[in-house]
Amino acid sequence: MATDLSNRPKLPAEIARRRTFAIISHPDAGKTTLTEKFLLYGGAIQMAGQVRAKGEARRTRSDFMQMEKDRGISVSASAMSFDFNGLRFNLVDTPGHSDFSEDTYRTLTAVDAAVMVIDGAKGVESQTQKLFEVCRLRDLPILTFCNKMDRESRDTFEIIDEIQEMLAIDVTPASWPIGVGSEFMGCYDLLNDRLELMDRADRNKVGESIKIKGLDDPLLAEHLPKHLLEKLLEEVEMARELLPELVPQSVLEGHMTPIWFGSAINSFGVQELMSGIGDYGPEPQIQNAEPRKIAPEETKVSGFVFKVQANMDPKHRDRVAFVRMASGHFKRGMKLTHVRTKKPMAISNPVLFLASDRELAEEAWAGDIIGIPNHGQLRIGDTLTEGELLRVTNIPSFAPELLQGVRAMDPMKSKHLEKALMQFAEEGAAKVFKPSIGSGYIVGVVGALQFEVLASRIELEYGLPVRFENSQFTSARWVNGARQDVEKFVGLNKQHIATDHDGDTVYLTRLKWDIDRVERDHPEINLTATKEMMA
């Protein structure tokens with residue numbers, strides 16, 4: 001992802017000041033709280049909506065679905081743009097819950113870096129590890145924030161060791177915590193030789209920063225109790241001997257991660273992390289595409305859809321396609337070619353996001369994320385360009401791991417149900433299969449919680465109560481091969497065949513034996529668990 005910067009042309013200033021990144025973590029590591037504080041420091045909101053506050057106040061700005069507000073979890077990725085220190089940050093908050101990981105995987109195709117949030121007490125958890133692997137596949141630069149240091153947490157060296165061992169990446173401390181739990185006072189900023197003290201009284205207040213001349217400055221003793229100062233001096237000396245120095249190029253190549261310590265809920269350490277994203281995070285990068293790659297400095301505009309969100313405004317039944325700008329300087333009203341259909345599309349009302357608030361985007365540059373309201377023309381994987389037929393690649397769609405039949409409680413409403421299901425399929429929220437024999441639809445998802453989300457959204461957004469029921473099938477595979485081979489295979493296996501919402505042929509399986517049988521009896525047919533979402 002990060003290219004060798006020496007032979008790249010210098011980016012135009014507007015593009016060079018963009019930092020587009022996602023936040024990844026295990027559920028409950030404090031990711032949504034951190035997002036809130038980013039918005040607070042970016043001046044985008046005046047008061048952070050506490051994730052755990054009561055009633056209406058509990059709604060955080062980045063969770064806009066009714067279910068997210070009810071449960072206090074993030075189930076869909078949301079995008080936000082704001083300015084900080086002369087830079088334009090485009091931040092994508094992703095669902096931490098593993099049942100929604102496909103949304104997260106696709107989101108990671110649209111960013112240039114990731115901020116990994118880990119819990120100081122729990123360290124690297126399973127979902128963090130999975131998401132990290134996706135970042136590794138794409139060589140995404142990663143910056144790490146160790147959160148919740150104001151609670152009882154593990155030894156700092158132990159946390160760093162665990163990241164190095166479990167994720168096989170070099171870790172270099174950008175700050176060092178002073179005390180833990182109830183004794184946590186703040187951090188020593190190793191990059192700028194500053195003492196950062198936390199204010200426990202006001203959660204929305206920026207910590208106090210005290211300039212000092214290195215660790216032997218007598219000022220330190222005035223601010224820190226003796227036992228914590230001694231521990232700090234000893235640990236920093238060890239860290240400087242044992243841990244690697246920060247090498248910006250290694251960070252950009254994805255081999256090294258700087259780690260900041262702090263407490264997002266107390267607004268502490270967040271500003272240092274944001275400055276770190278500005279200093280060490282990458283500028284907009286080259287995008288993989290066919291028949292050639294797209295460089296951000298190209299003057300012709302191009303962008304690709306990595307997410308579709310339906311009914312962000314239930315009153316309008318709208319669908320918004322989230323588009324990552326890959327090159328050029330986009331202006332509102334431009335006509336772009338929709339590469340899949342080869343038709344021109346006038347983009348007259350693009351929006352910039354601030355969580356659930358939107359404003360009209362008069363312009364956007366490579367690296368920005370804009371929303372294009374549409375009525376189903378745009379799908380995940382679509383590319384928009386100024387004429388050249390380029391197609392951005394590597395946007396995956398995964399075979400679902402759970403399949404269930406779905407019925408409308410009112411049999412007269414089956415047409416409405418079909419419309420709702422097709423919309424969720426285009427949004428990427430579920431796979432919808434139409435079996436070639438029998439009526440009805442089979443819905444496939446990655447995690448069980450998605451069935452609940454779908455049922456509640458179909459009822460809320462369409463006024464249509466539905467029932468999910470067990471299906472005889474357990475998994476689905478896309479069928480690939482020469483056209484006549486596929487047609488022959490379909491004819492012989494009608495009871496297993498379905499089509500997805502794109503009309504592609506799918507083989508539904510009951511047991512692993514079904515897949516083995518196809519591999520044995522039909523070597524000319526290839527069954528795949530992923531499909532590239534492409535125009």
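In the predicted model, residues 24 or more positions apart contribute 71% of those contacts in the protein chain whose separation is 6 or more. The secondary structure of the chain amounts to 14 helices and 33 strands.

An open sheet is formed by eight strands in the order 28-25-27-26-30-31-29-32, and the pairing within it is antiparallel. Its edges are strand 28 (466–470) and strand 32 (526–528), each of which pairs on one side only. Direction being ignored, neighbouring strands of this sheet are turned against each other by 40° on average. At one end of the order, strand 25 (residues 402–408) is joined to strand 28 by five bridges in the antiparallel sense. Within this part of the model, Gly405 is placed opposite Glu469 of strand 28.

A further antiparallel pair consists of strand 14 (residues 319–327) and strand 21, which are connected by six bridges. Phe322 has Gly371 of strand 21 as its bridge partner. Strand 21 itself, spanning residues 369–374, is mostly covered, with five of its six residues buried.

Packing between helices was examined for helix 11 and helix 12. Two packed helices are described by the angle between their axes and the distance between the axes. The axes of helix 11 (residues 414–427) and helix 12 (residues 449–462) approach to within 11 Å and cross at roughly 120°. Helix 11 is therefore oblique to helix 12. The crossing of the two helices is right-handed. On the side of helix 11, the contact involves Leu417, Lys419, Ala420, Leu421, Gln423, Phe424 and Glu427. These residues meet Leu454, Arg457, Ile458, Glu461 and Tyr462 of helix 12. Classified by residue type, the contact of helix 11 with helix 12 comprises seven nonpolar, one polar and four charged residues.

Several backbone features were found in loops. The peptide bond joining Glu290 and Pro291 is cis, with omega at about 0°. Pro291 belongs to the loop that lies between strand 12 (289–290) and strand 13 (302–310).

Positive phi values were also examined at residues other than glycine. Asn85, which is not a glycine, has a positive phi of about 50°. This residue is located in the loop between strand 2 (78–84) and strand 3 (87–93). Asn85 has a relative accessible area of 61% and is therefore exposed, the cut-off being over 50%. Lys148 is likewise not a glycine and has a positive phi, of about 65°. Its position is in the loop between strand 5 (142–147) and helix 6 (156–167). With a relative accessible area of 12%, Lys148 falls under the 20% cut-off and so counts as buried. Thus Asn85 is exposed, whereas Lys148 is buried.

Methods: Residues numbered from 1 in each chain as written. Predicted model: local features only at pLDDT ≥ 70, side-chain atom pairs only at ≥ 80, totals over all residues. Heavy atoms only, no water. Axes fitted to C-alpha atoms, helices over the stretch in contact; angles between N-to-C directions. Helix = DSSP H or I, 4+ residues; strand = E, 2+ residues; numbered from the N terminus. Parallel < 35°, antiparallel > 145°, perpendicular 65-115°, else oblique. Left-handed = near helix turned anticlockwise from the far one by under 90°. Contact = heavy atoms within 4.5 Å. Nonpolar A, V, L, I, M, F, W, Y, C, P; charged D, E, K, R; others polar. Buried < 20%, exposed > 50% of the residue type's maximum accessible area, 1.4 Å probe, protein only. Pairing = 2+ DSSP bridges.
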